[in-house]
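Please look through the model below together with these notes, which take up a few points in turn. Each point is meant to be checked against the structure as you read.

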Amino acid sequence: MSARPLLLLLAAVSVAFAWPGRAEPLPGGAARAEPTVGADPFVRSGRLANGFRYALRPHPVPPGRVSLALYVDVGSRHERSDELGYAHFVEHLAFAGTRDFPGASVIHTLQRFGLGFGSEFNASTGRSCTVYEIRNVPTADPAAFATALKVLRNFADGLQFDPVAVKRERGVILAESEVRAGRISYWWGRELGYLAPFSDQIGERELQALFGDSAMGRSQLGTPRTLKRATATSLRAFHARWYRPERMVLAVAGELDTAAATAQVEREFATLAGTGPTPVDVPVAPPRTSRQVSTNLFAEAGSPMAIVTLVGAAPRRPGDDVERGRAELAEAVALRMLERRVSRALAVAGQIEAMASNEVPGWRLPLLRVRAAVANWPVVAVTLETEVRRAEQLGFTDAELATAVAQRRRQAHRDEREVGSRSAGEVAVALAHAFGQGLAFSPPDEERRWLEAELATLRPEDCRAAVARLWAAERTQLVVAGPLEPERSGLAAVELALRRARTIRHAPLPAEATVEARLPVLSGAPGMVAAAEHDAALDCWRLQFDNGVRLNFKSTRFEPGQVHVRVGFGYGLLGTEPGREGLAFGVAALLHGGIAGLTAEQETELLGRRETTTGFGFGADRLGFSSDGPVDGLGTVLRLFAARLVKPAFRAAGEAHARAFIDSQLARSDRTAAMVAEDRIREHMFGGHHALTRPRREATERMTFDELREWILPQLETSPIEITIVGDLGLEEATEAVAGSFGALPLRSTVDPMADRRAFVPGSTPQRLEVRYQGKGTVGSVALAWPLPDVVGQEDDCRLRLLADVLEDRIRVRLRQEMGKTYSPVVGLMSERALAPAMLYLRCRIETAPRQVAQVAEAAKQVVAALAAGGLTDEELERARLPLIRAAEENVVSNKWWLATLSEAQSKPQFVEGQADQKRILQTVTRAELESLARLLFAPDRLCELRVMPE
């Protein structure tokens, strides 16, 4: 897809989807279903005679679409010792040939309805379940829904287990294992385990520490030994044993006639039958226990910092009744208070998370997790243990509880407000998990009312008891992952301090000094609008204030009560010098240095009152802030953003936090094959221009906090400011909010002082480059790129995206389905319009084992040459066209798309023209046009090839 010149947002906060509630599987229209108090009245559910369950719910987003999710009660914990990895292996084989869809025809069949492989139909395997998803099925074509049902029925009992497919997918899975092993857990964590969107994530290392070699502690990928010994016969037996109708739930959400859809579901799945005896379910082994402090060290050389987690395990009350709901609400509130205490007590910089996971059946797993500098892990570990034991002994104060309860109430209101804007795909997956786990799918307003009533009766003692329950000493594990050397890590001293923290009597934590948080006062008078223009084609406004600040605004109703903001200022990488690109991290110094007259806690409180999340980042030619939140928080967030520019504090205490952030970002670009490939190919395409060059570690680490501050300060005073606001508010409201914040700032420049820096000379082609990176050594990468300079119009953009999708499909078929050499090849259209001339380039990136890099590169180039020489088929064009048309339809009803599209509507207006016309353009592109473009673009003298290998 096209990569528009957006801000690289480097830090943000998100909120999980939390719809399912408390109770048993839901009632429905079928006579067999039993009613349950508190269930969503819009859900229709039932159980067929064979035990197969279903749940359907109308949902209007996106319009004209319906999504399906098939939940199967089988995961890696159901595998025998000689079957490790089988659940995931079976999931792969579902797309490799079934009874009614032989070979790859299931992929091609769904693509004909405009569905993208990976994005709209995919599957995932966890420790306890496997979920198959088909999202965004068009309702205008009745055959589409019927086909989606038939595909899922084939996954249930129609897998072919062709020996050739088994051999091929074994190679894909082994390649996937190597790719996953080569990634750094600091970013990716556990990608393979399926998590419901309303659950919190627990990492592979943390589960391994708790459950050891039992099923819950093992990876879902299995071992090379068991995968290599897997046969069509053994995999078929595993599938037959566990893929039974009584272990399945089908969830459907979207624009649908529930009565008609129910009849179709029943017809398709009524004849589904299990084979052989009913299997005995596999019990979950309990967590490891020890009266001694247990510390688990995991060396990870490529990680930029340490991840320190205190993880516990508490038996989870069976059923889904009010008592369990009350207990877990107390636990959730206690976790909020603990997180705040750790942030106060921690003497070093760190990113703190507090959560409780329900992933392991029968157990509640609390986590306090901190990412910090490697040298600081002992301090973090002792702080975590100390604060848990202090809370266990002494509990919490009334003031702490009041703050945490207020936060939880605001979150409940936000969850209720945002439910209507969730996609049908999210709703279908949530429904599937709710039924599969025996939970109710309650109406969000009822959930909120129940929660508010319970919060009103919550006492500090309830939360103290929750801490004691969650972190029982015998079931608490300390987990440390990072570039550690166990023999030099000071483990003995740390464990001694941890034992002391468990045995001594703790004093109360000193009372928090609280000063009422007040919005900064900006000295200037509110700004006046000097010019306003309405763009009829995009239905948006472009305004300029009398101080030079620009505002791009679009009113929408896509997310009721929500508004999205992006503020661009400064000059980004373009404002640095060659070799000193790391100065762009001055935006991190700005953020972590704080605002004069306002503590970090007070700023957090001001944002928290409005339930607003914020982010910051830099791009090729600008710096920026972003926010998402309710409309009534717009004035607050804009005042805070404006105060950062005119009242920056650059407190010394913020340096450690900025350094930690910078270290994490640098490691992204020099310790993973995929990121090294992306960065180096882009740098070459733009001739090594420093605005398209990632900051290098050695030079950036030498920069002082003062240098970062001195670089960014002048940009705060004079650089152009362009604000984009999209959401559920009117022009007058948006204008008033900007006038009272950025409009009150001193005069800003509207002239581009960087114009003479924007010229560049493209890198020469053809050329083959090879680079080395410091990683784990299990992954290499191939990147192929073809430039197309000085392209501005949407017509070329759309043609290139179509060509990219055709090429990606062919690359996937060749390298994954036929050769089994890679897991997920990626082809996309990239762009950068900060420089002149503007340039698009098509790039293909493939991750594979280092020993296979040369073979994969040659195979990919053969696919490209065949496409250029032989053209494409009408069917290929339509399979590429339909998903892009659907995406174009969804884009124009997406606030985030409009925010990105309009974010430079005044500084770079030439790139906005035609954005809302993509659907029409895509519909008119012909095969002859794409074939002509392929011959031009894929000419041998245009290719740049990059191979990335570990050192």
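1. Asn 122 has Glu 133 in E6 as its bridge partner, and this is one place where E5 (121-125) and strand E6 (residues 130-138) meet, since the two run antiparallel and are joined by 5 bridges. Strands here are DSSP runs of E with at least two residues, helices are runs of H or I with at least four residues, both numbered from the N terminus, and two strands count as paired if DSSP finds at least two bridges between them.

2. This is a predicted model, in which local features need pLDDT of at least 70 and side-chain atom pairs count only at pLDDT 80 or more, while totals for chains, interfaces and linings use all residues. Residues are numbered from 1 along each chain as its sequence is written, and side-chain values use heavy atoms, with hydrogens and water left out.

3. E5 and E6 belong to an open sheet of 6 strands with mixed pairing, in the order E2-E3-E7-E4-E6-E5. Strand E2 (44-47) and strand E5 stand at the edges with a single partner strand each, so one side of each has no neighbour in the sheet.

4. Helix H1 (residues 86-93) lies across E5 and E6 and runs at about 170° to E5; such angles run from 0 to 180 degrees between N-to-C directions, with axes fitted to C-alpha atoms, for helices over the stretch in contact. Helix H3 (residues 142-157) also packs on the sheet, where it touches strand E4 (65-72), E6 and strand E7 (248-254); contact means heavy atoms within 4.5 Å.

5. Why is strand E16 (residues 550-555) largely enclosed by the rest of the structure? The reason is that 5 of its 6 residues are buried, where buried means under 20% relative accessible area, with exposed over 50% and partly exposed in between (1.4 Å probe, protein chains only).
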